[in-house]
Amino acid sequence: MQAYYNEESVGEAVRNSGIPREEIFVITKLYPNQFSDPEAAIEEALEKLDISYIDMMLLHHPGAGDVDAYLAMEKAVEEGKIRSIGLSNWYVEELETFLPQVNITPALVQNEIHPYYQENDVIPYIQGLGIVVQGWYPLGGRGYTAELLGNEVISEIAQAHGKSSAQVILRWNLQKGVVVIPGSSNPDHIKENTELFDFELTEEEMERIHDLDRNEKHDWY
């Protein structure tokens, strides 16, 4: 994404990975400061990534010109430049206003979701529209991860399963039908974050985590 200054490095990594292009799924975003000229922003992303096409492009958060930016992404889908499109940081009220103005239903909505900010009304609404929900900051986000991973309830559940607190939180998301994108630069943590399919949380454990909701957002979007 342009605002993260990482499209060129991601593109280079994809090209040099030795992995067939079709086996890598690349998501990038348009930031609101790009909504005024979305066509140029899309071309810039394609040029910087230099990976033939973009698998998915999202609007980073609502802003002036967001509908026009989305319509430009729709045109890029028709032209084969982008495979799928979606939104980030859109909630019920925003979606109710936005969706009637566009033609392609977003494939995905990406929002902040973690045990302290659960979006228990938002997730079913989005899923009910046939849209995939993806959670960012699944482990609480910068400055909050240690507290969340040390939460007594989550730690007890982790111990019962012989898993880490991070794995329990990620598994909780998956059982809610939420796709998770935990971030880490530690190879051991990256591997651990994929080992989520050999255990299952009980209904009681899911409910105990449900009860941790504080409606406590850790970023402003």
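Me: How many of the 221 residues of the protein chain count as buried, as a percentage?

Reply: In this predicted model, 46% of the 221 residues count as buried. The chain has 10 helices and 6 strands.

Me: What makes the radius of gyration agree with a compact globule?

Reply: Just set the two values side by side. A compact globule of 221 residues would come out near 17 Å, and the protein chain has 18 Å, so the two agree. Along its principal axes, the C-alpha trace spans about 50 × 45 × 30 Å.

Me: Why is Q167 called buried?

Reply: Buried means under 20% relative accessible area. Q167 has 5%, so Q167 counts as buried. You'll find Q167 in helix 8, residues 165-175.

Me: And which residues is Q167 in contact with, leaving aside its neighbours within four places in sequence?

Reply: Those are E192, E195, L196 and F199. Contact here means heavy atoms within 4.5 Å.

Me: Why does D50 count as partly exposed?

Reply: The cut-offs are under 20% for buried and over 50% for exposed, with partly exposed in between. D50 sits at 48%, so partly exposed is the label. D50 lies in the loop between helix 2 (38-49) and strand 2 (54-59). D50 also has a positive phi of about 55°, although it is not a glycine.

Me: Is Y137 buried or exposed, and how do you know?

Reply: Y137 has a relative accessible area of 15%, so it is buried, given that the cut-off is under 20%. Y137 is in the loop between strand 5 (132-136) and helix 6 (145-149). Its phi is near 55°, a positive value in a residue other than glycine.

Me: Which residues of helix 1 are buried, and how do you know that they are on the same side?

Reply: In helix 1 (residues 7-16), the buried ones are E7, G11 and V14. They cover an arc of only 60° around the axis, so they are on the same side of helix 1. The buried residues of helix 1 pack against strand 1 (27-30) and helix 2. Turned away from that buried side is a face that carries the exposed residues E8 and N16.

Me: What follows helix 1?

Reply: That's G18, with a positive phi near 80°.

Me: How far apart are the mean positions of the positive and negative charges?

Reply: They are 4 Å apart, for 15 positive and 39 negative charges in the protein chain.

Definitions and conventions. Residues numbered from 1 in each chain as written. Predicted model: local features only at pLDDT ≥ 70, side-chain atom pairs only at ≥ 80, totals over all residues. Heavy atoms only, no water. Helix = DSSP H or I, 4+ residues; strand = E, 2+ residues; numbered from the N terminus. Buried < 20%, exposed > 50% of the residue type's maximum accessible area, 1.4 Å probe, protein only. Arc of directions from axis to C-beta. Rg over C-alpha atoms; globule rule 2.2 N^0.38 Å. Lys, Arg positive; Asp, Glu negative; His and termini not counted. Charge placed at Lys NZ, Arg CZ, Asp CG, Glu CD.
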